Amino acid sequence: MNIQSPRTFTMKDGTEIPIGTFYCIGRNYSAHAKEMGASVPDKPLVFLKPSTAYIPFENAVLTCPVFSKELHHEVEIAIVIGHDIPIGLQSGFEKYIAGYGIALDLTLRDIQKIAKEKGEPWAISKGFAGSAPVSTILPFSTYPHFTFSLSINGEIRQKGDTNDMERTFEQLLAFCHSIFHLKAGDCILTGTPEGVGPLYSGDIIIAQIDDSLKMQCTIA
Ligand code: MG
């Protein structure tokens, strides 16, 4: 991956937000939990990616790290925090949000499988450099409803609808904030719908939200 990646999210108006930590939600769509042979957890399943996971989505050339042979796509809605959230806040998170975008939670499925079997953390399989391509960030004032999709070489592989989320954006923010204290630049990856699968050299990936945002990248 390109280690010279900028260290900021870019808003549609050109404003830049220094990147914090990625808080990623697992199994937030029941059909995806099922395809992974799992169920929706009682509490949100959260794992982290470091800021170096970020790579600008548009026109990115993604590579599978040399220590893995199985790079998987998971398309997700990203929520970026615009202002530090007061400690103790339990509701009304939307006014601290800078905006939303489309992202990939890239996953080294072979490494993750071994980690699951051994009961080890997912830090390597989920948090490697370049594991979080994120689009330009679009502002919103109230929580939007989205449909979103991912296609590979012109074929739709994943389709999502935020109405199908097991936990809402507000619930995810409240949970993460209660544990981690969310700050400006932090990003919540809100879970992937069903249809995850492998990426291969030469693949052309297009991810989009409704008609509002469309991003393309390729696999080296
Ligand atoms: Mg994911």
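The buried residues of helix α4 are F169, E170, L172, L173, C176 and H177, and because these residues fall within an arc of 160° when seen down the helix axis, they line one face of α4. The model described here is predicted.

**Helix α4**

- An α-helix has 3.6 residues a turn, so residues three or four places apart point the same way.
- The exposed residues S178 and I179 lie on the face of α4 that is turned away from its buried side.
- The cover over the buried residues of α4 includes the strands β3 (22-26), β4 (45-49), β8 (75-81), β9 (97-104) and β14 (187-189).
- Just after the helix, H181 adopts a positive phi of about 65°.

**Magnesium site**

- The magnesium ion is coordinated by E74 and E76 through OE atoms and by D105 through OD, at 2.0 to 2.1 Å.
- Along the sequence these donor residues follow the spacing E-x1-E-x28-D, and the pair E74 and D105, 31 residues apart, links distant parts of the chain.
- E74 sits in the loop between β7 (71-73) and β8, whereas D105 belongs to the loop between β9 and β10 (107-108).
- E74 counts as buried because its relative accessible area of 4% is under the 20% cut-off, and D105 is likewise buried, with a relative accessible area of 1%.

**Open sheet**

- Five strands form an open sheet in the order β6-β17-β16-β12-β13, with mixed pairing, and its edge strands, β6 (61-62) and β13 (155-161), each pair on one side only.
- Within this order, β12 (residues 147-152) and β16 (residues 204-209) pair in the antiparallel sense over five bridges, and L150 stands opposite A207 in β16.

**Nonpolar cores**

- The largest nonpolar core has 43 residues, among which L62 and I102 touch the most other members.
- Two or more residues are given to this core by each of β3, β8, β9, β12, α4, β16 and β17 (213-219).

Key
Residues numbered from 1 in each chain as written. Predicted model: local features only at pLDDT ≥ 70, side-chain atom pairs only at ≥ 80, totals over all residues. Heavy atoms only, no water. Buried < 20%, exposed > 50% of the residue type's maximum accessible area, 1.4 Å probe, protein only. Helix = DSSP H or I, 4+ residues; strand = E, 2+ residues; numbered from the N terminus. Arc of directions from axis to C-beta. Contact = heavy atoms within 4.5 Å. Donors = N, O, S within 2.8 Å, 3.2 Å for Na, K, Ca; no water. Pairing = 2+ DSSP bridges. Core = buried A, V, L, I, M, F, W, Y, C linked by side-chain atoms within 4.5 Å.
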